[in-house]
Amino acid sequence: MVSSQAIDLVKEELPVEQDSLVLSGDVKTGLVIVDVVNGFCTVGAGHLAPTAPDKQISGMVDETLRLAKVFCDNKWPVFAFLDSHHPDVPEPPYPPHCIAGTDESKLVPALEWLEHEPNVTLRCKDCIDGFLGSIEKDGSNVFVDWVKTNQIKVILVVGICTDICVLDFVCSALSARNRGFLSPLEDVVVYSGACATFDLPPDVAKIIEATPHPQDLMHHVGLYMAKGRGAKVVSEVSF
Ligand SMILES: [Zn+2]
């Protein structure tokens, strides 16, 4: 465990002010769901899945489901990344995970219904950064096309991991926006309550000789980094 005092100190030194977001449908908003797949979220579903029920991850899934329902009821655009790797192509530094064609690279059971919704675009990606993972062989970008086709002004980003796939995607989207590649996109919003990261406490990491990754701390750091790059971070989303 990392002591709560240590976490409080970091949060004090690196504060992340969070707003609330009210979605009325007036501003064209798209929901981007990052990797809410079994391989990262379902207990025992592979090398990078939680080994025991995880409050932050299950809270993330519940909130993602709540948002997805409203977006689909209103036929608002949803873009869902699915981490998905060819079995012969490793992704260092990670062990094999989310192998294409297995349940690991499928949406978690609570979100499986999204596969059949007409307003949902699914994108299998074989790298950390979904923006890069959206590039096709011909150089086109499925995510960029989705923003432009739907004339999206705000993307609301949720998923896992806050400090890895969510963060990298957010950073690339912000750079692309700043370069004018994502017009008419104006804002990239990260919803903290619908993001999560994995937990590898220092004491456990020491035993298995891995780099520690304390969950609460790294979730916070992910939000801090996203905000520093220009994302808006919100702790509440209402309709
Ligand atoms: Zn991966």
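Two residues are in contact if their C-beta atoms, placed from the backbone, lie within 7 Å. The legends below describe a predicted model.

**Figure 1. Surroundings of helix α6.** The buried residues of α6 are covered by elements that include β2 (29-34), α4 (130-133), β5 (154-160), β6 (187-196) and α8. The residues of α6 that count as buried are C165, V166, L167, D168, F169, V170 and A173.

**Figure 2. Length and end of helix α6.** With 14 residues, α6 reaches 20 Å from its first C-alpha to its last. This span is close to the 20 Å expected at 1.5 Å a residue. Just after α6, G180 adopts a positive phi of about 85°.

**Figure 3. Packing of helix α6 with helix α8.** The axes of α6 (residues 165-178) and α8 (residues 215-229) come within 10 Å and cross at roughly 0°. Because angles under 35 degrees count as roughly parallel, α6 is roughly parallel to α8. On the α6 side, V166, L167, V170, C171 and L174 take part in the contact, and they meet G222, M225, A226 and R229 in α8. By class, this contact of α6 with α8 comprises seven nonpolar residues, one polar residue and one charged residue.

**Figure 4. The protein chain as the setting of the close-up views.** The protein chain contains eight helices and seven strands. Its C-alpha trace spans about 50 × 45 × 35 Å along the principal axes. A compact globule of 239 residues would have a radius of gyration near 18 Å, and the 17 Å of the protein chain agrees with this. Of the 239 residues, 39% count as buried. Among contacts between residues at least 6 apart in sequence, 74% join residues at least 24 apart.

Key: Residues are numbered from 1 along each chain as its sequence is written. This is a predicted model: local features need pLDDT of at least 70, side-chain atom pairs count only at pLDDT 80 or more; totals for chains, interfaces and linings use all residues. Axes are lines fitted to C-alpha atoms, for helices over the stretch in contact, and angles run from 0 to 180 degrees between N-to-C directions. Helices (H or I, at least four residues) and strands (E, at least two) are DSSP runs, numbered from the N terminus. Angles under 35 degrees count as roughly parallel, over 145 as roughly antiparallel, 65 to 115 as roughly perpendicular and the rest as oblique. Ala, Val, Leu, Ile, Met, Phe, Trp, Tyr, Cys and Pro count as nonpolar, Asp, Glu, Lys and Arg as charged, and the others, Gly among them, as polar. The expected span of a helix is 1.5 Å times one less than its number of residues. A residue is buried if 20 or more other C-beta atoms lie within 10 Å of its own, exposed if 12 or fewer, and partly exposed in between; C-beta atoms are placed from the backbone. The radius of gyration is taken over C-alpha atoms; the globule rule is 2.2 Å times the number of residues to the power 0.38.
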